[in-house]
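Subject: Structure handover

Hello,

Here is the structure we spoke about. Please open it before reading on.

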Amino acid sequence: MTNNRTLTMVVLLSIFVARSHTRVFKAETFMEGNNVTLKCGDAKVKWNELIFITWNLSLQSRKCFVGMLLSKPESTCNDGKMLLNSSNRVSLFIPKISKDDEGSYSCDISYSAGTYAETVNVSVGVPNLVSKLEFKNGQWYAVCEAKYEQSVPTLRWEPALNFFNKTSNIIKGDMTFVKNRVNLLNVVNVSSLTCVATNGTWQQNITLDLTKLVLSDPKFPWEIIAIAVSSVCFIIVSLAVVYVLRRKFNNLSALKTLCCKSKISTPAEDKPTQAPDVEEVEPYASYIQRVNSIYNSSAELFNA
């Protein structure tokens with residue numbers, strides 16, 4: 001019964017303070033999994049100066065209350081949220097903040113020196129931070145890339161040397177990234193670089209090992225050699241293919257010539273030349289004898 005009365009009184013006092021003072025609104029983003037201490041303004045209020053303080057929470061799936069009146073803490077959240085008393089400030093402690101803790105946190109405080117009212121819109125979502133080495137156009141670069149949801153984080157490198165760096169925003173589908181690239185041309189005596197992402201009250205960092213840069217330094221000449229060898233192999237293979245095709249073409253041409261010759265009919269074989277008939281020459285003696293015989297016969301016919 002006493003707790004209910006105390007809670008009702010605290011709520012009424014917070015409503016009174018909210019109506020009588022201008023409320024300050026702000027937004028903060030925190031890294032998921034971290035313990036968060038949420039301040040109610042910048043006023044330094046000691047515990048013994050505090051009259052009351054209330055935190056009205058409107059979260060994604062529920063509403064609850066954390067407060068204190070006359071040194072008596074009250075809470076309906078029952079998830080570890082509590083008032084944290086430091087040497088000169090009273091804050092709201094949120095253990096291992098998560099997406100379920102996103103929402104509106106309205107603070108009303110009254111102390112011996114005055115009152116204050118503030119509403120903090122809390123969002124949870126840290127960018128996924130990635131760092132890597134890139135070799136481009138004959139030079140090495142250290143690249144830090146962070147994915148974010150709402151406000152853009154700030155990226156910086158440690159140690160803070162005289163680097164030439166460039167930051168750009170990139171959209172990949174539904175995701176938004178911020179990217180920082182630093183030229184490592186003049187890096188000497190540095191074994192590692194740390195990329196630090198900061199956004200409001202949260203901070204995340206990742207370290208890049210530069211000893212890999214030394215180990216991978218021969219990559220450039222090996223790439224040139226690989227390209228040269230590949231080009232020579234390509235030329236040799238091309239010449240071999242041309243040679244083989246040319247030989248096949250020549251064989252096809254010879255075959256075609258043979259086929260065409262086979263289709264042409266061969267002329268009839270010449271018959272052996274026969275010697276012309278030669279009239280036999282009668283011997284002279286026989287001729288004279290035959291003529292004399294004819295002459296004698298004629299003479300006898302004439303005398304008869």
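My notes on it follow, from the whole chain down to single contacts.

Overall picture

Please keep in mind that this is a predicted model. The protein chain has 304 residues, and 30% of them count as buried. Four helices and 16 strands make up its secondary structure. Take the contacts with a separation of 6 or more: 61% of these come from residues 24 or more positions apart. The accessible surface of the protein chain is about 21100 Å². Carbon and sulfur atoms hold 57% of that surface.

Disulfides

How many disulfides does the structure hold? There are three. Counting bonded cysteines along the chain, the pattern reads 1-4, 2-3, 5-6.

Start with C40 and C107. Their sulfur atoms are 1.7 Å apart. The torsion about the S-S bond of C40 and C107 is about -105 degrees, so the link is left-handed. C40 is buried at 5% relative accessible area. C107 is buried too, at 0%.

Next come C64 and C77, joined with an S to S distance of 2.0 Å. This pair links distant parts of the chain, 13 residues apart. C64 belongs to strand β4 (residues 63-69). C77 belongs to the loop between β5 (72-75) and β6 (82-85). Which hand does the disulfide of C64 and C77 have? The torsion about its S-S bond is about 85 degrees, so it is right-handed. C64 and C77 are both buried.

The remaining pair to describe is C144 and C195, with S to S at 1.8 Å. C144 is in strand β11 (residues 139-148), and C195 is in strand β15 (residues 192-199). The link of C144 and C195 is left-handed, with -80 degrees about the S-S bond. C144 and C195 are buried.

C233 is partly exposed, with a relative accessible area of 42%.

Salt bridges

Side chains of opposite charge can pair when their charged atoms come close. A search of the whole structure finds 10 salt bridges. Two places are worth a look.

One of the salt bridges pairs E28 with K26, at 3.4 Å from N to O. Are these partners buried or exposed, or in between? E28 is buried, with a relative accessible area of 15%. K26 is partly exposed, at 28%.

D79 forms a salt bridge with R62, and the closest N and O atoms are 2.3 Å apart. D79 lies in the loop between β5 and β6, while R62 lies in the loop between β3 and β4, so the pair ties together parts that are 17 residues apart in sequence. D79 is partly exposed, at 30% relative accessibility. R62 is partly exposed as well, at 32%.

D79 also forms a salt bridge with K81. Here the closest N and O atoms are 2.6 Å apart. K81 counts as buried, at 6% relative accessibility. Which residues do shared partners join into one network? They are R62, D79, K81 and D101.

Contacts of R23

Where does R23 lie? R23 is in the loop between α1 (2-20) and β1 (24-30). Its side chain makes a polar contact with the side chain of T119, at 3.3 Å. A polar atom of the R23 side chain also lies 3.1 Å from the backbone oxygen of E118.

Where to look

For a quick tour, begin with the disulfide of C40 and C107. Move on to the disulfide of C64 and C77, then to that of C144 and C195. After that, view the network that includes D79 and D101. End at R23 and its polar contact with T119.

Best wishes

Definitions and conventions. Residues are numbered from 1 along each chain as its sequence is written. This is a predicted model: local features need pLDDT of at least 70, side-chain atom pairs count only at pLDDT 80 or more; totals for chains, interfaces and linings use all residues. Side-chain values use heavy atoms; hydrogens and water are left out. Helices (H or I, at least four residues) and strands (E, at least two) are DSSP runs, numbered from the N terminus. A polar contact is a pair of N or O atoms within 3.5 Å; within protein, one must be able to donate a hydrogen and the other to accept it, and residues adjacent in sequence count only if both atoms are side-chain atoms. A disulfide is a pair of cysteine sulfur atoms within 2.5 Å. Buried means under 20% relative accessible area, exposed over 50%, partly exposed in between (1.4 Å probe, protein chains only). A salt bridge is a side-chain nitrogen of Lys or Arg within 4 Å of a carboxyl oxygen of Asp or Glu. Contact means heavy atoms within 4.5 Å. Accessible areas come from the Shrake-Rupley method with a 1.4 Å probe; for residues, only the protein chains shown count as cover.
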